[in-house]
Amino acid sequence: VQLQASGGGLVQAGGSLRLSCAASGGTFSNYAMGWFRQAPGQEREFVSAISASGGHTYYVDSVKGRFAISRGNAKNTVYLQMNNLESEDTAIYYCAAGLVTSRNHPNYSFWGQGTQVTVSS
């Protein structure tokens, strides 16, 4: 499975971005999808995940109420809508695919290249 993340950019605090992750080379609907982020000098952090069917979603506490994950299995794409962005959200965001819905990055077998999100205060 190949994953291509896009949609990052520079935004002011309080603004919004929508990240997309397009999958190819596999049966997208078989995979749970996750978003992780990594800020400079910090470890990779779980942000959000969605089950293969889309029926279950999970978020790290710091983004609950601000971020929303969704997927379009017909388009082989997962999205992360990010609203009310804060400077602490600045990081490289990675999408990942795995056979189980998990908050733990070792459970994801396939990773996209990352997209930079920068929030200015």
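Here is a short chat about strands, a disulfide and some salt bridges in a predicted model.

Visitor: Let's start with strand β9. How many of its residues are buried?
Guide: Strand β9 covers residues 91–98 and is mostly covered. Of its 8 residues, the number that are buried is 7.

Visitor: Which residue in β9 is the bridge partner of phenylalanine 36?
Guide: Strand β4, residues 32–38, pairs with β9 in the antiparallel sense, over 7 bridges. Phenylalanine 36 has its bridge partner in β9, and that partner is tyrosine 94.

Visitor: And what does tyrosine 93 pair with in β11?
Guide: β9 also pairs with strand β11, residues 115–120, in the antiparallel sense over 3 bridges. The bridge partner of tyrosine 93 there is threonine 115.

Visitor: Which residue in β10 stands opposite alanine 96?
Guide: Strand β10, residues 110–111, runs antiparallel to β9, and 2 bridges join them. Opposite alanine 96 you'll find tryptophan 111.

Visitor: Now the disulfide. How far apart are the sulfur atoms of cysteine 21 and cysteine 95?
Guide: Searching the whole structure turns up 1 disulfide. A pair of cysteine sulfur atoms has to be within 2.5 Å to count. Cysteine 21 and cysteine 95 make it, with their sulfur atoms apart by 2.1 Å.

Visitor: Are cysteine 21 and cysteine 95 buried or exposed?
Guide: To be called buried, a residue needs under 20% relative accessible area. Cysteine 21 and cysteine 95 are both buried.

Visitor: What backbone oxygen does the side chain of serine 48 reach?
Guide: Serine 48 is found in strand β5, residues 45–50. Its relative accessible area is 0%, so serine 48 counts as buried. Beyond its neighbours within four places in sequence, serine 48 is in contact with several residues, including Trp35, Ile69 and Leu80. At 2.9 Å, its side chain reaches the backbone oxygen of tyrosine 58.

Visitor: On to charges. Which arginine meets glutamate 45 in a salt bridge?
Guide: Side chains of opposite charge can pair when their charged atoms come close. Glutamate 45 is partly exposed, with a relative accessible area of 30%. Its salt bridge, at 2.7 Å from N to O, is with arginine 37.

Visitor: Why is arginine 37 called buried?
Guide: The cut-off for buried is under 20% relative accessible area. Arginine 37 is buried because its relative accessible area is 6%.

Visitor: How many residues apart are aspartate 89 and arginine 37?
Guide: Aspartate 89 forms a salt bridge with arginine 37, and their closest N and O atoms are 2.9 Å apart. The pair links distant parts of the chain: aspartate 89 lies in the loop between β8 (77–82) and β9, arginine 37 lies in strand β4, and they are apart by 52 residues.

Visitor: Which residues do salt bridges that share partners join into one network?
Guide: Glutamate 86 forms a salt bridge with arginine 66, the closest N and O atoms being 3.8 Å apart. That pair links the loop between β8 and β9 to the loop between β6 (57–59) and β7 (67–72). Glutamate 86 is partly exposed at 33% relative accessible area, while arginine 66 is buried at 9%. The network is made of Arg37, Glu45, Arg66, Glu86 and Asp89.

Definitions and conventions: Residues are numbered from 1 along each chain as its sequence is written. This is a predicted model: local features need pLDDT of at least 70, side-chain atom pairs count only at pLDDT 80 or more; totals for chains, interfaces and linings use all residues. Side-chain values use heavy atoms; hydrogens and water are left out. Buried means under 20% relative accessible area, exposed over 50%, partly exposed in between (1.4 Å probe, protein chains only). Helices (H or I, at least four residues) and strands (E, at least two) are DSSP runs, numbered from the N terminus. Two strands pair if DSSP finds at least two bridges between them. A polar contact is a pair of N or O atoms within 3.5 Å; within protein, one must be able to donate a hydrogen and the other to accept it, and residues adjacent in sequence count only if both atoms are side-chain atoms. Contact means heavy atoms within 4.5 Å. A salt bridge is a side-chain nitrogen of Lys or Arg within 4 Å of a carboxyl oxygen of Asp or Glu.
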